[in-house]
Amino acid sequence: MKLLAGLVASVALYGGIQVLQGGAVQSAAEETGTSDIYRLTANGDEAACAVQRGAKVSVGLSLLRVAPNCRKLMPGIERVKFWREQADGSVAFSVNGTDPVVTFSVADGDGYESYAPAAPLLSMSNGE
């Protein structure tokens, strides 16, 4: 619980400093020069939604913005707020920065495929 409170305070402090320095919070996409917007699909369905990796909070942890319509793909995913990248390239989405709601491994080619939970199978590819 203390970790979550500390994480929330850190994020608030970081955002406040950015605003006080005279500008909006710069997105991770602007910092790296690459697109951090991904297209999320479930089980090869035509339905899709967008997720956007945001500002870095700490090493391997970034803010995450999930479109509300992602709920159609996996109920509850619309509540996630964090993107955690592991050393092996896997990515976990979580509400609190720690406990994964869904975990992805690097897929063949460009993108990711979920492996936990087992259903629904989610695919995430770069771009909208």
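In which sense do strand 7 and strand 8 pair, and over how many bridges? Strand 7 and strand 8 are antiparallel and are joined over 2 bridges; two strands count as paired if DSSP finds at least two bridges between them. One of the positions concerned is E113, whose bridge partner in strand 8 is S123. Strands here are DSSP runs of E with at least two residues, and helices are runs of H or I with at least four residues, both numbered from the N terminus.

The model is predicted, so local features need pLDDT of at least 70 and side-chain atom pairs count only at pLDDT 80 or more, while totals for chains, interfaces and linings use all residues. Residues are numbered from 1 along each chain as its sequence is written, and side-chain values use heavy atoms, with hydrogens and water left out. The predictor's confidence in each residue, pLDDT, runs from 0 to 100. The mean pLDDT of the protein is 79, with 72% of the residues at 70 or more. Residues 3-34 have pLDDT below 50, and this stretch makes 24 contacts in the model beyond near neighbours in sequence, a contact being heavy atoms within 4.5 Å. Where pLDDT is low, the predicted coordinates should not be read in detail.

A barrel is closed by 8 strands in the order 1-2-3-4-5-6-7-8, with antiparallel pairing. On average, neighbouring strands of this sheet are turned by 35° against each other, direction ignored; the axes are lines fitted to C-alpha atoms, for helices over the stretch in contact, and angles run from 0 to 180 degrees between N-to-C directions. Strands of a sheet pair through backbone hydrogen bonds, either parallel or antiparallel.

Strand 1 (residues 37-42) has strand 2 (residues 48-58) as an antiparallel partner, joined by 5 bridges. L40 stands opposite C49 of strand 2. The two strands form a hairpin with 5 residues between them, and N43 in the turn has a positive phi of about 50°. Strand 1 is also joined by 5 bridges to strand 8 (residues 122-126), again antiparallel. Here A42 has L122 of strand 8 as its bridge partner.

C49 also takes part in a covalent link. There is 1 disulfide, a disulfide being a pair of cysteine sulfur atoms within 2.5 Å. It is formed by C49 and C70, with the sulfur atoms 1.9 Å apart. The link of C49 and C70 is right-handed, with 105° about the S-S bond. It connects distant parts of the chain, since C49 is in strand 2 and C70 in the loop between strand 3 (61-66) and strand 4 (82-85), 21 residues apart. C49 has a relative accessible area of 4% and is therefore buried; buried means under 20%, exposed over 50%, and partly exposed in between (1.4 Å probe, protein chains only). C70 is buried too, at 0% relative accessibility.

Strand 2 also holds R53. R53 counts as buried because its relative accessibility is 15%. Its side chain makes a polar contact of 3.0 Å with the side chain of E85. A polar contact is a pair of N or O atoms within 3.5 Å; within protein, one must be able to donate a hydrogen and the other to accept it, and residues adjacent in sequence count only if both atoms are side-chain atoms.

The loop between strand 7 (112-116) and strand 8 contains P117 and also P120. The peptide bond from A116 to P117 is cis, with omega near -5°. A119 and P120 are likewise joined by a cis peptide bond, with omega about -5°. Most residues other than glycine have a negative phi, and most peptide bonds are trans.
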